[in-house]
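Thanks for looking at this one with me.

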Amino acid sequence: MTNSSRPDARRNASPYLYGEEAEAVARVLESGQYGHGAVTEEFERRVADFLGIPDAVAVASGTAALHLALIVAGVGPGDEVIVPSMTFCATVQAILAVGATPRFVDIELGTLCVNDQLVMEAVSDATAAVMPVLFGGRAVDLAAVQGELDERGVAVIEDAAHAFGSRNGPRRVGAGRALTCFSFGPIKNLTCGQGGMVIPRTPEEADAIRRLRLLGVAQSQAERANTTTYRVESFGLRYQLSDLNAAVGLAQLAHFGATERARRDLWRTYRSALSSLEGVTSVDVDPDRSVPHLCQVRVKNRDAVFARLRSQGVGVGVHYPPNHSQPAFAAWKRTLPATEQAGQEILSLPFHQHLTEQHIEHVVSALGQFLKSAGGTMCSPAASC
Ligand SMILES: *Cc1c(COP(=O)(O)O)cnc(C)c1O
């Protein structure tokens with residue numbers, strides 16, 4: 001894997017490799033041990049050190065991380081899980097996977113995230129967990145209501161798929177009191193190719209997740225090599241990370257400082273270029289605290305802007321169409337005004353580390369030209385659009 005194809009503004013997102021990933025994968029291939037082993041364990045230790053926490057458990061994907069987090073939090077049939085509709089469908093599918101039901105909640109239009117009030121309004125006796133989504137890399141701080149949630153036995157499971165490396169106050173996301181789930185999919189801030197991680201709250205939780213990800217089998221592969229049997233101790237799934245994927249993640253992590261700087265610089269470049277445009281509201285992220293994952297704006301007739309920019313070869317996207325309007329989740333549909341408005345107006349501009357300042361100028365000028373030609377039909381930054 002190399003960056004030789006140099007993706008440009010035609011792509012909305014693209015992994016960025018530092019060159020050592022390919023050698024790291026080759027070493028694992030040559031070792032003949034591709035499965036779950038020493039490289040994954042090292043990746044777990046390095047991520048835990050990076051986040052400043054005792055332990056981290058690597059799994060096959062972000063979706064697997066969310067699924068296992070819900071299981072260890074004891075969420076199951078009959079339970080409700082508070083979740084913003086504005087998220088990738090994986091968050092909702094993980095809730096269905098444990099037999100629980102989603103209780104969709106609205107978001108703040110400015111951040112696309114939930115807040116204390118939106119969460120607490122939805123808490124009921126049926127609530128077993130709340131899953132804040134750290135949209136675009138923004139930390140969601142529920143510290144003010146944590147005591148109340150604890151009292152009511154409501155677990156906090158963060159979907160931090162967008163937020164690897166971001167900070168919540170002085171600490172990195174994952175170093176707080178929540179069960180935190182990361183994705184290391186192809187376009188996330190840090191990639192393993194495919195992968196994910198659960199940050200457990202206790203050593204017991206870590207053990208349980210390690211067993212669950214290995215089909216409920218208690219021992220590690222190394223221990224199993226010296227016995228004639230293995231012990232299946234609990235329900236389990238095939239959710240371990242492979243050493244091939246962990247090798248990619250380790251190489252990526254060694255360069256995460258550069259990733260953080262690059263994503264922040266790109267975001268600031270966009271931000272200052274966009275500030276001269278009328279009719280565009282940017283979805284804000286604090287680049288000093290967050291490692292931006294997306295660069296999103298809101299515009300009034302989004303579908304027309306989307307079609308025009310796509311026709312000009314600009315890789316715009318939409319993160320995400322709201323889940324409460326998806327056919328599979330229709331049973332839990334409710335009215336969510338800010339989510340519905342965001343669903344109509346959000347537009348993700350190309351955002352990845354292959355972009356140059358020239359690419360960004362090109363994207364912003366294409367957007368500006370369309371807005372000018374459409375004349376006055378967009379919302380102004382001051383208006384609440
Ligand atoms: C990517 C993503 C996931 C799922 O992660 P995978 O590694 O793709 O399974 C979950 N939630 C959000 C918000 C995501 O962006």
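1. A polar backbone atom of G62 sits 2.7 Å from an oxygen atom of the ligand; a polar contact here is a pair of N or O atoms within 3.5 Å. S183 also comes to 2.7 Å of a ligand oxygen, through a polar side-chain atom. For Y320, an N or O atom of the side chain is 3.1 Å from an oxygen atom of the ligand.

2. On its own the ligand has 380 Å² of accessible area, and the protein covers 91% of that (Shrake-Rupley method, 1.4 Å probe).

3. A word on the basis: this is a predicted model, with local features needing pLDDT of at least 70 and side-chain atom pairs pLDDT 80 or more, while totals for chains, interfaces and linings use all residues. Residues are numbered from 1 along each chain as its sequence is written, and side-chain values use heavy atoms, without hydrogens and water.

4. There are 15 residues around the ligand, and G62, T63, D159, S183 and K188 come nearest (near means a heavy atom within 4 Å). By type, the shell holds 5 nonpolar, 8 polar and 2 charged residues, with Gly counted as polar. Helix 3 gives the largest share, 3 residues.

5. Now to helix 9, where 9 of the 12 residues are buried (under 20% relative accessible area, 1.4 Å probe, protein chains only). Among them are D243, A246 and Q252. Their cover includes helix 1 (20–31), helix 2 (38–51) and helix 10 (256–274).

Notes:
Polar contact = N/O pair within 3.5 Å; in protein donor to acceptor, adjacent residues only side chain to side chain. Helix = DSSP H or I, 4+ residues; strand = E, 2+ residues; numbered from the N terminus. Buried < 20%, exposed > 50% of the residue type's maximum accessible area, 1.4 Å probe, protein only. Contact = heavy atoms within 4.5 Å.
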